[in-house]
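Trainee: I would like to learn how to read the features of a model like this one. Where do we begin?

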Amino acid sequence: MSDILKVGSNENVLGPSPKAKEAVVAALADAHLYPDRHEDTLLEKLAQRIGDGLTKENFLSGNGSCDVLRMITQTFIRPGKKSLIAAPTFSMYELLTGMFGGESIFVPLDNLTVDLDAMIKAGDGDVVLVFVCNPNNPTGTFVMHKQVGEFLAKIPAGVITVFDEAYMEFADDPEFPRMTEFITAGYDVLVTRTFSKLHGLASLRVGYGFGRIDLMDQVRQHKLHFNSGRLAYLGAAAAVDDEAHIQESLAMVKNGRRYFYQAFDKIGIRYLPTQSNFIFLADLPMDANYICNEAMTRGVILRPTDPFGLPGHIRITIARQAENERVVDVIREIIKK
Ligand SMILES: Cc1ncc(COP(=O)(O)O)c(C=O)c1O
């Protein structure tokens, strides 16, 4: 069936950055070669784009941001040590903590938002890592700059807080944290980001992390040589400069949010205001799995959030206007049946 609409995995429905595509196709002829200075070029570009005095040495790349999260966890977690993790959130933090012999302490969301105060209280002397997904997957809610500042001032020195900003480019709230300020102020904080969402390059597998140089040097010890290929580095570097694709993707998501807010207000389905490229539906009038299964029979793939430990809700990736309208039509039809 060619008209399947997949809005369950927060991919960019516009497809890859055209400049990235062009760069990858051009580089195919060199696929027999290992990368050369390609990673350096990408990291230099990222340092330049993010600015605020950061240099290439503040950055490292990985095979997707999950690989960067892996390097970070491998650096700091060992048997007997613990991570603090919001619940529910992206599952990778718990998985990686267990993979390296650590234990996860879960801190429930407050009002479906990461509760930084509760995280401070939940910690004990064995905690070495804190994971904050900002904006949070699957809720799309976020913690603010001021809250992060207060949290970092209280968290014991030596405990590393990782802000997973896989969706940060879609955030437009002026209170969204400016993490470089906390890095240059010297806090024990690391940030991860990805090319999988905004830039539409999920299958190239490129993500990156940044933080204080001494912390990045420790994390880099767990980086495998050639952990991404020439094509991936060249594609990602081209995507950084693809302003047209970036702006088109941001406009799609921002217009889509407004459309969904109005449409779900009209149907009477509660949603959470989102800072991401997805929207979280709450208090559904019928079983979320039933709605998702019925939507699937109509060719629309939505994501029920029970695998996150949040049964009864649905997460929807924001797409183009006609696709968003199709999603709303399908949900309206199912709940009115
Ligand atoms: C919060 C969060 N972090 C990281 C990732 C993984 O990104 P990558 O493709 O860069 O490994 C995802 C993917 O869905 C995500 O939702």
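Mentor: With burial. A residue counts as buried if 20 or more other C-beta atoms lie within 10 Å of its own, as exposed if 12 or fewer do, and as partly exposed in between. Keep in mind that this is a predicted model.

Trainee: Which residues of helix 1 are buried, and which are exposed on the other side?

Mentor: Helix 1 spans residues 18-27, and its buried residues are Ala20, Ala23 and Val24. Viewed down the helix axis, the buried residues of helix 1 fall within an arc of 95°, so they line one face. Val25 and Ala26 are exposed on the other side of helix 1. The cover over the buried residues of helix 1 includes helix 9 (230-240).

Trainee: What are the buried residues of helix 4?

Mentor: In helix 4 they are Tyr93, Leu96 and Thr97. These residues cover an arc of only 100° around the axis, which puts them on the same side of helix 4. They pack against helix 3 (65-76), strand 3, strand 4 and strand 5.

Trainee: How many bridges join strand 5 to strand 6, and how many join strand 6 to strand 7?

Mentor: Strand 5 and strand 6 are parallel and pair over 5 bridges. One of the pairs there is Leu129 with Ile160 in strand 6. Strand 6 (residues 160-164) is joined to strand 7 (residues 189-194) by 4 bridges, and those two strands also run parallel. Thr161 has Val189 as its bridge partner in strand 7, and Asp164 stands opposite Thr192 in strand 7.

Trainee: Which residues lie on each side of strand 6 and strand 7, and are they buried or exposed?

Mentor: Check each side of a strand separately. In strand 6, Ile160, Val162 and Asp164 are on one side and Thr161 and Phe163 on the other, and all are buried. That accounts for 5 of the 5 residues of strand 6. In strand 7, Val189, Val191 and Arg193 point one way, while Leu190, Thr192 and Thr194 point the other way; all of these are buried. For strand 7 the count is 6 of 6 residues buried. Note that the buried residues include the charged side chains Asp164 and Arg193.

Trainee: Which strands stand at the edges of the sheet with 4 strands?

Mentor: That sheet is open, with the order 9-10-13-12 and antiparallel pairing. Its edges are strand 9 and strand 12 (303-304); each has a single partner strand, so one side of each is left without a neighbour in the sheet. Strand 9 pairs with strand 10 (residues 278-282) over 3 bridges, in the antiparallel sense. Arg270 has Ala282 as its bridge partner in strand 10.

Trainee: Where is Leu272, and what is it in contact with?

Mentor: Leu272 is in strand 9, residues 270-272. It is partly exposed, because 19 other C-beta atoms lie within 10 Å, and buried would take 20 or more. Leaving aside neighbours within four places in sequence, Leu272 is in contact with Leu112, Thr139, Gly140, Thr141, Phe280 and Ala282. Met252 and Leu272 are 20 residues apart in sequence, and their C-alpha atoms are 18 Å apart in space.

Trainee: Last, the ligand. How many residues surround it, and which are the closest?

Mentor: The ligand is surrounded by 13 residues, and the closest are Gly64, Ser65, Cys66, Thr194 and Ser196. Sorted by class, the shell has 5 nonpolar, 7 polar and 1 charged residues.

Note on methods
Residues numbered from 1 in each chain as written. Predicted model: local features only at pLDDT ≥ 70, side-chain atom pairs only at ≥ 80, totals over all residues. Near = placed C-beta within 6 Å. Pairing = 2+ DSSP bridges. Arc of directions from axis to C-beta. Contact = placed C-beta atoms within 7 Å.
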